[in-house]
Amino acid sequence: MPELPEVELMCRALHRWCAGRELLGLDVLDEKLLPAQDLRGQRVSRVERRAKLALLFIDAQVLVLHFRMTGGVCALPSPEARPPHARLRLRLGGPGSSGEGPPAVALVDPRRFATARLLPEEELPALLAGFGPEPWPEPRDGAWWAARLAGLRGPLKPALLHQERVAGIGNILASECLFLARIDPRTPVPSLQPAQWEAFAAVVGPFIDAVLEAEQRSFDDESGIAYVNTGGPNPFAVYGREGQPCPRCGAPLQRIVQAGRGTWLCEGCVGSI
DNA sequence: AGGACTGTTCCGCG
DNA sequence: GCGCGGAACAGTCC
(Lines give C-alpha, C1' and ligand atoms only; values in the text may rest on other atoms or scores of the structure.)
Protein backbone atom coordinates (compact mmCIF):
# COMPACT_ATOMS: atom_id res chain seq x y z
CA MET A 1 0.00 0.00 0.00
CA PRO A 2 2.53 2.51 -1.02
CA GLU A 3 1.91 6.04 0.07
CA LEU A 4 4.56 8.15 1.75
CA PRO A 5 4.89 6.08 4.95
CA GLU A 6 5.00 2.75 3.15
CA VAL A 7 7.57 3.99 0.65
CA GLU A 8 9.59 5.37 3.55
CA LEU A 9 9.61 1.97 5.21
CA MET A 10 10.51 0.21 1.98
CA CYS A 11 13.41 2.60 1.47
CA ARG A 12 14.66 2.06 5.00
CA ALA A 13 14.47 -1.68 4.45
CA LEU A 14 16.26 -1.45 1.11
CA HIS A 15 18.92 0.70 2.70
CA ARG A 16 19.50 -1.81 5.49
CA TRP A 17 19.62 -4.65 3.02
CA CYS A 18 21.69 -3.06 0.27
CA ALA A 19 23.76 -0.10 1.43
CA GLY A 20 27.46 -0.60 0.94
CA ARG A 21 27.08 -3.88 -0.91
CA GLU A 22 28.33 -4.97 -4.29
CA LEU A 23 25.86 -5.74 -7.03
CA LEU A 24 26.37 -9.27 -8.35
CA GLY A 25 23.56 -8.87 -10.83
CA LEU A 26 20.47 -6.90 -11.72
CA ASP A 27 17.91 -9.38 -13.00
CA VAL A 28 15.08 -7.93 -15.02
CA LEU A 29 12.34 -10.52 -14.53
CA ASP A 30 9.68 -8.52 -16.38
CA GLU A 31 11.08 -6.88 -19.47
CA LYS A 32 8.21 -4.40 -19.51
CA LEU A 33 9.90 -2.79 -16.53
CA LEU A 34 13.38 -1.99 -17.77
CA PRO A 35 15.90 -2.97 -20.46
CA ALA A 36 18.46 -5.51 -19.29
CA GLN A 37 21.37 -3.92 -17.50
CA ASP A 38 24.84 -5.11 -16.59
CA LEU A 39 25.70 -3.46 -13.31
CA ARG A 40 27.89 -6.26 -11.96
CA GLY A 41 30.66 -5.00 -9.75
CA GLN A 42 29.01 -1.69 -9.02
CA ARG A 43 28.09 -0.74 -5.49
CA VAL A 44 24.85 0.39 -3.89
CA SER A 45 25.92 3.32 -1.75
CA ARG A 46 22.55 4.20 -0.22
CA VAL A 47 18.78 4.17 -0.67
CA GLU A 48 16.65 7.26 -0.12
CA ARG A 49 13.02 8.19 -0.47
CA ARG A 50 11.73 11.24 -2.32
CA ALA A 51 7.97 11.64 -2.86
CA LYS A 52 6.74 8.09 -3.49
CA LEU A 53 10.01 7.12 -5.19
CA ALA A 54 12.77 4.87 -3.94
CA LEU A 55 16.19 6.05 -5.07
CA LEU A 56 18.96 3.45 -5.13
CA PHE A 57 22.31 5.09 -5.70
CA ILE A 58 24.53 2.72 -7.68
CA ASP A 59 27.92 4.17 -8.58
CA ALA A 60 27.19 7.16 -10.81
CA GLN A 61 23.64 6.12 -11.58
CA VAL A 62 20.32 6.01 -9.73
CA LEU A 63 17.79 3.24 -9.94
CA VAL A 64 14.43 4.95 -9.46
CA LEU A 65 11.56 2.72 -8.34
CA HIS A 66 7.96 3.90 -8.35
CA PHE A 67 5.64 1.42 -6.66
CA ARG A 68 2.33 2.81 -7.86
CA MET A 69 -0.62 0.80 -6.55
CA THR A 70 0.70 -2.61 -5.61
CA GLY A 71 4.50 -2.55 -5.73
CA GLY A 72 6.61 -3.67 -2.82
CA VAL A 73 10.03 -4.93 -1.88
CA CYS A 74 11.21 -8.08 -0.20
CA ALA A 75 14.42 -9.72 0.92
CA LEU A 76 15.10 -13.08 -0.72
CA PRO A 77 16.45 -16.16 1.06
CA SER A 78 18.65 -17.15 -1.89
CA PRO A 79 20.11 -15.38 -4.94
CA GLU A 80 17.89 -17.24 -7.36
CA ALA A 81 14.67 -17.08 -5.34
CA ARG A 82 11.74 -15.82 -7.34
CA PRO A 83 8.70 -15.03 -5.19
CA PRO A 84 5.31 -14.53 -6.83
CA HIS A 85 5.12 -11.41 -8.97
CA ALA A 86 8.84 -10.63 -8.69
CA ARG A 87 9.68 -8.09 -11.40
CA LEU A 88 13.24 -7.06 -10.60
CA ARG A 89 15.91 -8.75 -8.53
CA LEU A 90 19.19 -7.38 -7.19
CA ARG A 91 21.75 -10.00 -6.24
CA LEU A 92 24.13 -8.70 -3.65
CA GLY A 93 27.58 -9.63 -2.41
CA GLY A 94 29.69 -8.64 0.53
CA PRO A 95 28.47 -7.43 3.91
CA GLY A 96 26.39 -4.28 3.93
CA SER A 97 26.96 -1.22 6.06
CA SER A 98 24.69 -2.81 8.67
CA GLY A 99 26.26 -6.25 8.64
CA GLU A 100 25.25 -9.32 6.70
CA GLY A 101 22.30 -8.72 4.49
CA PRO A 102 20.12 -10.97 2.33
CA PRO A 103 21.68 -12.51 -0.80
CA ALA A 104 19.15 -10.69 -2.94
CA VAL A 105 16.21 -8.31 -2.84
CA ALA A 106 13.30 -8.01 -5.22
CA LEU A 107 10.69 -5.59 -6.46
CA VAL A 108 7.38 -7.44 -6.45
CA ASP A 109 4.24 -6.10 -8.06
CA PRO A 110 1.17 -8.21 -8.82
CA ARG A 111 -0.52 -5.55 -10.89
CA ARG A 112 2.56 -4.50 -12.86
CA PHE A 113 1.91 -0.79 -12.57
CA ALA A 114 5.25 -0.17 -10.88
CA THR A 115 7.97 1.52 -12.90
CA ALA A 116 11.75 1.45 -12.76
CA ARG A 117 14.31 3.57 -14.52
CA LEU A 118 18.02 3.84 -14.37
CA LEU A 119 19.47 7.27 -14.96
CA PRO A 120 22.72 9.13 -14.44
CA GLU A 121 22.83 10.81 -11.06
CA GLU A 122 23.13 14.22 -12.69
CA GLU A 123 19.69 13.77 -14.24
CA LEU A 124 18.07 13.16 -10.87
CA PRO A 125 17.47 16.81 -9.89
CA ALA A 126 15.43 17.42 -13.03
CA LEU A 127 13.27 14.39 -12.27
CA LEU A 128 12.72 15.37 -8.66
CA ALA A 129 11.95 18.97 -9.55
CA GLY A 130 8.56 17.80 -10.77
CA PHE A 131 7.51 17.01 -7.21
CA GLY A 132 6.46 19.45 -4.54
CA PRO A 133 8.20 19.60 -1.16
CA GLU A 134 7.85 16.92 1.49
CA PRO A 135 5.11 17.25 4.14
CA TRP A 136 7.18 15.16 6.54
CA PRO A 137 9.32 14.79 8.64
CA GLU A 138 9.88 18.52 8.84
CA PRO A 139 6.90 20.09 10.64
CA ARG A 140 4.69 22.14 8.34
CA ASP A 141 2.19 24.72 9.57
CA GLY A 142 -1.16 25.81 8.24
CA ALA A 143 0.29 28.70 6.27
CA TRP A 144 2.62 26.30 4.48
CA TRP A 145 -0.24 24.08 3.39
CA ALA A 146 -2.33 27.04 2.28
CA ALA A 147 0.57 28.38 0.23
CA ARG A 148 1.30 24.99 -1.35
CA LEU A 149 -2.28 24.59 -2.57
CA ALA A 150 -2.84 28.24 -3.44
CA GLY A 151 -4.42 28.73 -6.84
CA LEU A 152 -6.37 25.50 -6.81
CA ARG A 153 -10.12 26.01 -6.87
CA GLY A 154 -11.53 22.51 -6.56
CA PRO A 155 -12.35 20.48 -3.46
CA LEU A 156 -9.58 19.99 -0.92
CA LYS A 157 -9.28 16.23 -0.94
CA PRO A 158 -8.44 15.77 -4.62
CA ALA A 159 -6.14 18.79 -4.34
CA LEU A 160 -4.11 17.00 -1.67
CA LEU A 161 -3.22 14.33 -4.22
CA HIS A 162 -1.44 16.81 -6.52
CA GLN A 163 2.11 15.54 -6.21
CA GLU A 164 3.57 18.66 -7.80
CA ARG A 165 2.15 20.74 -4.93
CA VAL A 166 3.01 18.43 -2.01
CA ALA A 167 4.72 15.09 -2.56
CA GLY A 168 3.66 11.84 -0.98
CA ILE A 169 0.02 12.27 0.05
CA GLY A 170 -2.12 9.41 -1.21
CA ASN A 171 -5.79 8.55 -1.18
CA ILE A 172 -5.82 6.97 2.28
CA LEU A 173 -3.71 9.64 3.93
CA ALA A 174 -5.94 12.35 2.49
CA SER A 175 -9.20 10.84 3.77
CA GLU A 176 -7.77 9.93 7.15
CA CYS A 177 -6.14 13.28 7.85
CA LEU A 178 -9.21 15.26 6.82
CA PHE A 179 -11.30 13.12 9.12
CA LEU A 180 -8.89 13.66 12.01
CA ALA A 181 -8.89 17.41 11.35
CA ARG A 182 -12.68 17.47 11.05
CA ILE A 183 -12.56 19.06 7.62
CA ASP A 184 -15.09 18.25 4.92
CA PRO A 185 -13.15 16.83 1.95
CA ARG A 186 -15.53 18.66 -0.39
CA THR A 187 -14.53 22.09 0.90
CA PRO A 188 -13.18 24.20 -1.98
CA VAL A 189 -9.52 25.00 -1.42
CA PRO A 190 -10.13 28.79 -1.49
CA SER A 191 -12.76 28.44 1.26
CA LEU A 192 -10.45 26.87 3.83
CA GLN A 193 -10.11 29.03 6.95
CA PRO A 194 -6.74 29.57 8.62
CA ALA A 195 -7.88 27.55 11.63
CA GLN A 196 -8.73 24.65 9.33
CA TRP A 197 -5.35 24.79 7.63
CA GLU A 198 -3.77 24.72 11.07
CA ALA A 199 -5.93 21.80 12.15
CA PHE A 200 -4.92 19.90 9.06
CA ALA A 201 -1.25 20.72 9.43
CA ALA A 202 -1.35 19.59 13.05
CA VAL A 203 -2.66 16.18 12.08
CA VAL A 204 -0.47 15.15 9.14
CA GLY A 205 2.93 14.69 10.79
CA PRO A 206 1.69 12.71 13.79
CA PHE A 207 -0.51 10.57 11.56
CA ILE A 208 2.42 9.66 9.31
CA ASP A 209 4.49 8.89 12.41
CA ALA A 210 1.71 6.63 13.70
CA VAL A 211 1.41 4.75 10.40
CA LEU A 212 5.17 4.27 10.30
CA GLU A 213 5.18 2.87 13.81
CA ALA A 214 2.24 0.57 13.16
CA GLU A 215 3.64 -0.76 9.90
CA GLN A 216 7.19 -1.02 11.18
CA ARG A 217 6.26 -4.34 12.70
CA SER A 218 5.59 -5.94 9.35
CA PHE A 219 9.07 -4.86 8.28
CA ASP A 220 10.81 -6.05 11.41
CA ASP A 221 10.44 -9.61 10.24
CA GLU A 222 12.84 -9.52 7.34
CA SER A 223 12.61 -13.25 6.64
CA GLY A 224 10.32 -13.35 3.62
CA ILE A 225 8.08 -10.97 1.88
CA ALA A 226 8.21 -8.16 4.35
CA TYR A 227 6.20 -5.31 3.04
CA VAL A 228 2.84 -3.63 3.39
CA ASN A 229 -0.39 -4.69 5.00
CA THR A 230 -0.51 -8.32 4.11
CA GLY A 231 -3.96 -9.19 5.32
CA GLY A 232 -4.95 -8.26 8.85
CA PRO A 233 -7.73 -5.94 9.88
CA ASN A 234 -8.17 -2.53 8.28
CA PRO A 235 -6.18 -0.25 10.60
CA PHE A 236 -7.74 2.98 9.39
CA ALA A 237 -10.48 5.08 10.99
CA VAL A 238 -12.59 5.81 7.92
CA TYR A 239 -10.89 4.41 4.82
CA GLY A 240 -12.84 1.45 3.46
CA ARG A 241 -15.41 1.72 6.25
CA GLU A 242 -18.52 3.07 4.56
CA GLY A 243 -21.61 2.15 6.54
CA GLN A 244 -19.67 1.42 9.71
CA PRO A 245 -20.07 3.65 12.76
CA CYS A 246 -17.84 6.69 13.01
CA PRO A 247 -15.23 6.03 15.72
CA ARG A 248 -15.88 9.51 17.07
CA CYS A 249 -19.64 10.04 16.93
CA GLY A 250 -21.11 6.70 15.93
CA ALA A 251 -22.93 7.94 12.84
CA PRO A 252 -22.55 5.77 9.74
CA LEU A 253 -19.50 6.68 7.67
CA GLN A 254 -20.00 7.82 4.10
CA ARG A 255 -18.18 7.01 0.90
CA ILE A 256 -18.27 9.55 -1.90
CA VAL A 257 -16.37 9.76 -5.18
CA GLN A 258 -14.19 12.74 -5.98
CA ALA A 259 -12.18 12.99 -9.20
CA GLY A 260 -12.83 9.31 -9.74
CA ARG A 261 -11.43 8.21 -6.39
CA GLY A 262 -13.15 7.08 -3.23
CA THR A 263 -13.29 9.48 -0.30
CA TRP A 264 -14.45 8.40 3.15
CA LEU A 265 -15.86 10.81 5.68
CA CYS A 266 -18.21 11.31 8.59
CA GLU A 267 -20.79 13.91 7.74
CA GLY A 268 -21.60 14.36 11.41
CA CYS A 269 -18.05 15.26 12.37
CA VAL A 270 -17.21 17.89 9.80
CA GLY A 271 -18.17 21.50 10.18
CA SER A 272 -20.31 23.30 7.65
CA ILE A 273 -18.76 23.68 4.23
C1' DA B 1 -20.45 -11.78 -12.86
C1' DG B 2 -19.34 -7.36 -11.61
C1' DG B 3 -17.12 -3.79 -9.08
C1' DA B 4 -13.62 -1.68 -6.36
C1' DC B 5 -8.77 -0.77 -5.46
C1' DT B 6 -3.22 2.64 -1.42
C1' DG B 7 -1.10 5.67 -8.50
C1' DT B 8 -0.40 8.04 -12.56
C1' DT B 9 -0.99 9.67 -17.36
C1' DC B 10 -3.44 10.88 -21.33
C1' DC B 11 -7.40 12.71 -23.83
C1' DG B 12 -11.40 15.59 -24.51
C1' DC B 13 -14.64 18.93 -22.85
C1' DG B 14 -15.96 23.00 -20.41
C1' DG C 1 -4.57 27.30 -15.95
C1' DC C 2 -7.97 24.39 -13.80
C1' DG C 3 -11.00 20.34 -13.04
C1' DC C 4 -13.65 16.78 -14.28
C1' DG C 5 -14.86 12.22 -16.43
C1' DG C 6 -13.25 8.40 -18.72
C1' DA C 7 -9.94 5.23 -20.27
C1' DA C 8 -5.80 2.83 -19.82
C1' DC C 9 -2.37 0.12 -17.41
C1' DA C 10 -3.20 -5.41 -15.05
C1' DG C 11 -4.24 -8.20 -11.37
C1' DT C 12 -6.53 -9.65 -6.96
C1' DC C 13 -10.14 -9.81 -3.93
C1' DC C 14 -14.50 -9.75 -2.41
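1. Basis. The model is predicted, so local features need pLDDT of at least 70 and side-chain atom pairs count only at pLDDT 80 or more, while totals for chains, interfaces and linings use all residues. Residues are numbered from 1 along each chain as its sequence is written, chains are lettered from A and ligands numbered from 1 in the order in which they are written, and side-chain values use heavy atoms, with hydrogens and water left out.

2. Salt bridges overall. The whole structure holds 14 salt bridges, a salt bridge being a side-chain nitrogen of Lys or Arg within 4 Å of a carboxyl oxygen of Asp or Glu. Side chains of opposite charge can pair when their charged atoms come close. One network of salt bridges links Glu8, Arg12, Arg49, Arg50 and Glu134.

3. Arg50 and Glu134. Within that network, the side chains of Arg50 and Glu134 form a salt bridge with an N to O distance of 2.8 Å. Arg50 belongs to strand β2 (residues 43–50) and Glu134 to the loop between α2 (124–128) and α3 (142–149), so the pair ties together parts that are 84 residues apart in sequence. Helices (H or I, at least four residues) and strands (E, at least two) are DSSP runs, numbered from the N terminus. Arg50 and Glu134 are both buried; buried means under 20% relative accessible area, exposed over 50%, and partly exposed in between (1.4 Å probe, protein chains only).

4. Glu267 and Arg186. A salt bridge also joins Glu267 to Arg186, with the closest N and O atoms 3.1 Å apart. This pair links distant parts of the chain: Glu267 sits in the segment after β10 (261–265) and Arg186 in the loop between α5 (171–180) and α6 (194–220), 81 residues apart. Glu267 has a relative accessible area of 43% and is therefore partly exposed. Arg186, at 29% relative accessibility, also counts as partly exposed.

5. Is Arg89 buried or exposed? Arg89 counts as buried because its relative accessibility is 6%. Arg89 is part of strand β6 (residues 86–93). Glu80, its salt-bridge partner, has its closest atom 3.4 Å away, N to O. Glu80 counts as exposed, with 54% relative accessibility. The Arg89 side chain also reaches the backbone oxygen of Glu80 at 3.0 Å. That is a polar contact, defined as a pair of N or O atoms within 3.5 Å; within protein, one must be able to donate a hydrogen and the other to accept it, and residues adjacent in sequence count only if both atoms are side-chain atoms.

6. Surroundings of Arg89. Leaving out residues up to four places away in sequence, Arg89 touches Gly25, Leu26, Asp27, Leu29, Leu76, Pro79, Glu80, Ala81, Arg82, Ala104, Val105 and Ala106. Contact here means heavy atoms within 4.5 Å.

7. Aromatic pairs. There are four aromatic pairs in the whole structure. Rings of Phe, Tyr and Trp (its six-membered ring) pair if their centres lie within 6.5 Å; planes under 30 degrees apart count as stacked, over 60 as edge-to-face and the rest as tilted. The ring centres of Trp145 and Phe200 are 5.0 Å apart and the planes stand at 90 degrees, so this pair is edge-to-face. Trp145 in helix α3 and Phe200 in helix α6 are 55 residues apart, and the pair links distant parts of the chain. Trp145 is buried at 1% relative accessible area, and Phe200 is buried at 2%. Together with Trp144, Trp145 and Phe200 form one aromatic cluster.

8. Leu33. Leu33 is in the loop between β1 (21–28) and β2, and at 12% relative accessibility Leu33 counts as buried. Neighbours within four places in sequence aside, Leu33 is in contact with Arg87, Leu88, Leu107, Ala114, Thr115 and Ala116. Pro83 is 50 residues from Leu33 in sequence and 17 Å away in space, C-alpha to C-alpha.

9. DNA strand C. The residues of the surface near DNA strand C comprise five nonpolar, four polar and five charged; Ala, Val, Leu, Ile, Met, Phe, Trp, Tyr, Cys and Pro count as nonpolar, Asp, Glu, Lys and Arg as charged, and the others, Gly among them, as polar.

10. Phosphate contacts. A polar backbone atom of Arg153 lies 2.3 Å from a phosphate oxygen of DNA strand C. Arg112 places a polar side-chain atom 3.5 Å from a phosphate oxygen of DNA strand C.
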